[in-house]
Amino acid sequence: MKAQVALSNVGKTFPASPTTAPLHALGPIDLELRRGEFFAVVGPSGCGKSTLLEIIAGLTPPTQGSVEFEGRTIAGEAPDSIGVVFQEDASLPWLDVTENVAFGLRRSKLPKDERDARVRDALRLVGLSDFATSYPAQLSGGMRQRVCIARTLVMQPRLILLDEPFGALDQQTRLLMGDELLLMWRATGATVFLITHALDEATMLADRIGVMSARPGRLIDVVETNWPRERDSRIVERSEFGAITARLWKTLREESLKTIGRAVPKPAADA
Amino acid sequence: MKRLLAYRLAVIAGAIALLEIFCLTGVIDKITMQPPHLIARDLYRLLASGKMNGAIWKTLTNTLLALVLAIGVGVVAAALLHRLRALRDTLDPLFATYYAVPVFAFYPFFIVVFGLGDLPQILIAFMLGVVAMIVNTLNGLDRVPPVLLKTGRIMRLTPIDTALRLTLPAAGPYILTGVKLAVAYAFIGIIGSEFILSRGGIGYEINFAYNNFDNATMYPLIVLILLASIAINTVLTRWEKTLLARRGAR
């Protein structure tokens, strides 16, 4: 089967400014996303994870290589059917929850009751049906992030990009949001591309996990988790969970040390 | 909160009472000022007689016109300037020093060009208010979180939709600050220019009454202006409060 998203030789170099040298931030990266899979990306801070996401989203063009989405090249414009959830709160404080979720549908030519039905479904999926008329300021951070997720789901995207969407939330909320994300992933059948700095989150959620190097970020490992499609956060109890997370950390540790400017220490004698 | 309101009312009532005593005991003589209770009576008579209706109507409609113009032109100009970086950088010093220039200094020029009609008065009031609108709207647009702009691009909004549905609403509280200033400037512009380049309106009537030692008309009109601007400001502030409460302290 042909990949839904295909990155070939993708890289990004930010041009020099009067005060800075040119910065090779990312790549080259080759990566194919399978339709319907859950792909997570982990990497040391500053490795270009978010830049990678913005390139796939069409928010910023790559300076080398190309990205294809469903056979079409993405050239600096966000294609329909790709949804993005950002780390920062992107809810619109002047609109209530329903209006927030319906925001992107205004442009569509759907009849009104179809639109209303979609909004209701999305709200139910993220568990916010009881808050349809609340304003974002009345909600917690986790609930606001769910508003943003619902606003993305309502557009029925075939690819959902998430840029550390739970980064600002506490650990328990993050685990529960992870469960909900898995539910939505199964319910929508969309492909999910998740950027996270939490290794356990990546292991718990993804079918495949890409590990990125320090800047300029390249893919240095891709780990298959082989989890069943029906799964939830209780997967952390499995023995493979620890093994996969450990493998991720083993690869990432050296790269993370580079980014904080330490020399890589000699590994202890292998057992 | 209730107690604070009571204190505030007490201060106002005390000031009026003091004025009343000064007027009645002759500390302030009758030719200078009427005691407040007579001003209130005269204001009632003036409004009931209807002879000021034309002047009041003219002043209010001209103020509203200047205000609407200042808001409309100000918001549109700010939205455009926000996208035209070079033009904005060029004009920034002008905005910064704008209120150091007394617009009224140009009134002879306005009379020569536009005559004594309503137009020069509306123009002066508009010129006073529009820059406050531009500066505050730009200020608000600068503070729109980048993540909202990215969201707009993901939703593939057109530039006009982005402005109308995303950036201007996001800048709402700042725009409202501009509107409150523009209301004050519009009143100042209209009443002030009615004093010097008009043959009608509340400002003109106050000036006319002043020249004729007609305290029974002059003071009630001054009070009327006070009441009108306080009323408008109160309504706006209330509205602002409910909007801000809804948006929370973010």
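Visitor: Which residue is the bridge partner of A:Leu7 in strand 4 of chain A?

Guide: This is a predicted model, in which local features need pLDDT of at least 70 and side-chain atom pairs count only at pLDDT 80 or more, while totals for chains, interfaces and linings use all residues. Residues are numbered from 1 along each chain as its sequence is written, and chains are lettered from A and ligands numbered from 1 in the order in which they are written. Strand 1 (residues 5–14) and strand 4 (residues 64–69) of chain A pair in the antiparallel sense over five bridges, where strands are DSSP runs (E, at least two residues) numbered from the N terminus, and two of them pair if DSSP finds at least two bridges between them. In strand 4 of chain A, the partner of A:Leu7 is A:Val67.

Visitor: Which residue in the turn between strand 4 and strand 5 of chain A has a positive phi?

Guide: Strand 4 and strand 5 of chain A run antiparallel and are joined by two bridges, and A:Phe69 has A:Arg72 as its bridge partner in strand 5 of chain A. The two strands form a hairpin with two residues between them. The residue in the turn with a positive phi, of about 50°, is A:Glu70.

Visitor: How many other C-beta atoms lie within 10 Å of A:Pro79?

Guide: A:Pro79 lies in the loop between strand 5 (72–73) and strand 6 of chain A. Leaving aside residues up to four places away in sequence, A:Pro79 touches A:Gly58, A:Phe69 and A:Ile74, contact being counted if C-beta atoms, placed from the backbone, lie within 7 Å. A residue is buried with 20 or more other C-beta atoms within 10 Å of its own, exposed with 12 or fewer, and partly exposed in between. A:Pro79 is partly exposed, because the number of other C-beta atoms within 10 Å is 18.

Visitor: Which strands are the edge strands of the open sheet in chain A?

Guide: Six strands of chain A form this open sheet in the order 6-7-8-3-9-10, with mixed pairing. Within the sheet, strand 9 (residues 208–212) and strand 10 of chain A pair in the antiparallel sense over five bridges, and A:Ile209 stands opposite A:Val223 in strand 10 of chain A. An edge strand here pairs on one side only, which is the case for strand 6 (82–85) and strand 10 (219–224) of chain A.

Visitor: Which helix of chain A gives the largest share of the side of domain 1 that touches domain 2?

Guide: The domain assignment, whose bounds come from an automatic or database source, gives domain 1 (1–81 + 159–264) and domain 2 (87–156) of chain A. The contact takes 14 residues from domain 1 of chain A and nine residues from domain 2 of chain A. On the side of domain 1 of chain A, strand 7 (159–163) and helix 5 (171–188) are the elements that give two or more residues, helices being DSSP runs (H or I, at least four residues). The largest share, six residues, comes from helix 5 of chain A.

Visitor: At roughly what angle do the axes of helix 9 and helix 11 of chain B cross?

Guide: The axes of helix 9 (residues 172–196) and helix 11 (residues 215–247) of chain B come within 10 Å, axes being lines fitted to C-alpha atoms, for helices over the stretch in contact, with angles from 0 to 180 degrees between N-to-C directions. The two axes cross at roughly 175°. Angles over 145 degrees count as roughly antiparallel, so helix 9 of chain B is roughly antiparallel to helix 11 of chain B, with a crossing angle of roughly 175°.

Definitions and conventions. Parallel < 35°, antiparallel > 145°, perpendicular 65-115°, else oblique. Contact = placed C-beta atoms within 7 Å.
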